[in-house]
Amino acid sequence: MELIIVSIVLLATLYFLYSVLNSGSSSSTKNGKQQLPLPPGAKGWPLVGETLAYLQGSKKGVPEKFIAERRDKFSTTIFKSPLLNENMVFFCTAEGNKFLFANENKLVKSWWPKTFEKIFAPSEKTTQGEETMRMRKVLSPFLKPDSLQKYIGVMDSETQKHLKTYWDAKEVTVYPLAKKYTFAVGCKLFLNIDNPETIAMLEEPIRHISSGFVSSFPVNIPGTKYHKAIQAAKKIRTDIKHLVAQRRRDILEGRAPKSPDILSHLLMETYENGELINDSDIANKIYGLLHGAYDNVSALLSSIIAYLAELPEVYDRVRSEQIEIAKSKAPGELLNWTDLQRMKYSWNVACEVMRLVPPTQGTFREVITDFVYDGFLVPKGFKIHWNAFATHKNPKYFPSPEKFDPSRFEGEGPVPFSYVPFGGGPRMCPGKEYARLKILVFMHNMVKAFKWEKVFPDEKITTDPVSAPSKGLPVRLHPYK
Ligand code: HEM
């Protein structure tokens, strides 16, 4: 009891001291001169700031609440919040998103929380920001429309195989199966791997990564999600390193794959100084890529399946669009690029799902030089968070924001930079088009084969840190004869 009282007194004293020390933070001084004010914001609790409040909103399925409450309280387009042990400035408008994306590497640069850096362990020779730019360069030959067109048939046959193998049951749990599917297609297309044992070995650890990213208790001790994620990351990097070494041996012995995959390209990539990239760094890049493709696509697929179960009229329109396309095909003919261009309503449905529950809620930037936004000084070293929920759920951009309405994406579509599920500017997701194809191919096969209903009608979609159904989405399947 005594210990509790002492702890409370200690916490209260800390909070008081913290408040006094921070009481001048609404405006800043430089060389004794009064400067423009900093963005308004709460002080939060010592050490944790507002991190817990932010994470709790996401876990309860209302991440937009944290942002809307502060935006409305201060009546500003940006606000400051002590988050992840940083001075974090939230940008809340489409104009703010545009400003950030346009000023990449001018006023701001990519930044990730320390927890993320530890899990993704960037190369010792480059920063995380440089790593992703390099990854983008390696990815682009695979993700340009010409190459993507070649993937559609493979995606279609892999999807049919997956549904036959894993969905032949009265009841299935969608999210883990969607992960299995996404991962297997990624391994096949990016690494030429289709051995189910190798795929299962690589997939097991990757399941534990995301929950460790933005942990409310990021301490590396056994039992925490953060510790589990770091261990899982080590394991997957080691496994991939073995695959890289095996591929080197295959190439030396004349057994290289006929069409070069991403791994073949990475084996020929060099650092700035001309040295070939080492196996650890290659393993790291492949791991980052598999992970980027894994969580987002599987979360989105699961959310789409959840919404289609809840909205029978939307399901019917998606099904009739897909059945029209299926009817135009010869028996056994696989989907192609032209078929996918016809899936307009289905894609609008996927877009509306990404508006309501963007798989990635946003990312971070670091301020590299002081700037002024909307009358507030945003100093060098501050971190910035853009968050898709801030605009996606704002009635200014999306009237009746809770209403499911795929027609928002018809015609000119949403106000520029208000709809940002893939980010924007030079850092916009390079896997956007690949994801679109995979989602549409899956929707086509899914509605052709089944109708379904949720086992837990009230199951919510929560954000932790990706947005996905909170219980994994068990559904009862009703196959068409
Ligand atoms: C529905 C699916 C997906 C969504 C919603 C999504 C969303 C995002 C978002 C929001 C970003 C951050 C952009 C920024 O910071 O401005 C991002 C970055 C990235 N995504 Fe995706 N993504 C998806 C699928 C994919 C796929 C399939 C791949 C790989 C084939 C991929 C690879 C990457 C990579 C490598 C980056 C880092 C880019 C950089 O920092 O330069 N993503 N994604």
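1. Basis. This is a predicted model, in which local features need pLDDT of at least 70, side-chain atom pairs count only at pLDDT 80 or more, and totals for chains, interfaces and linings use all residues. Residues are numbered from 1 along each chain as its sequence is written, and side-chain values use heavy atoms, with hydrogens and water left out.

2. Iron site. The ligand's iron atom has a single protein donor, the SG of Cys429, at 2.3 Å. Donors here are N, O and S atoms within 2.8 Å of the metal (3.2 Å for Na, K and Ca); water is not among the atoms, so sites may look incomplete. Cys429 sits in the loop between helix H17 (388-392) and helix H18 (432-449). Helices (H or I, at least four residues) and strands (E, at least two) are DSSP runs, numbered from the N terminus.

3. Lys403. The loop between H17 and H18 also holds Lys403. Which residues does Lys403 contact, leaving aside its neighbours within four places in sequence? They are Glu352, Arg355 and Arg408. Contact means heavy atoms within 4.5 Å. Lys403 and Glu352 are 51 residues apart in sequence, yet 9.6 Å apart in space, C-alpha to C-alpha.

4. Cavities. There are two cavities of 30 Å³ or more. A cavity is a set of points, on a 1 Å grid over the protein atoms alone, where a 1.4 Å probe fits but cannot get out; lining residues have an atom within 4 Å of a point. Points are joined across faces, edges and corners, and a volume is the space filled by probe spheres set on them.

5. Second largest cavity. It holds about 40 Å³ of space. Its lining includes Leu301, Ile304, Phe442, Met446 and Trp452. Helix H13 (279-310) and H18 each supply at least two lining residues. By class, the lining has nine nonpolar residues, no polar and no charged. Ala, Val, Leu, Ile, Met, Phe, Trp, Tyr, Cys and Pro count as nonpolar, Asp, Glu, Lys and Arg as charged, and the others, Gly among them, as polar.

6. H11 and H13. The axes of helix H11 (residues 225-252) and H13 come within 8 Å and cross at roughly 115 degrees. Axes are lines fitted to C-alpha atoms, for helices over the stretch in contact, and angles run from 0 to 180 degrees between N-to-C directions. The crossing is right-handed. The contact includes Ile236, Arg237 and Arg248 of H11, with Asp279, Ile282 and Tyr287 among those of H13. Its residues divide into ten nonpolar, two polar and four charged.

7. H7 and H8. Helix H7 (residues 145-166) packs on helix H8 (residues 174-191) at about 140 degrees, with axes 10 Å apart. Among the contact residues are Tyr151, Glu158 and His162 of H7 and Lys180, Tyr181 and Leu189 of H8. The classes are eight nonpolar, two polar and three charged.

8. Backbone. Leu84 has a positive phi of about 50 degrees although it is not a glycine. Leu84 is in the loop between strand E3 (78-83) and strand E4 (86-91). Leu473, also not a glycine, has a positive phi of about 60 degrees. Leu473 lies between strand E13 (467-469) and strand E14 (474-479), in the loop.

Notes:
1 Å grid on protein atoms, 1.4 Å probe; cavity = no way out; pocket = protein on both sides within 12 Å on 5 of 7 lines; lining within 4 Å. Left-handed = near helix turned anticlockwise from the far one by under 90°.
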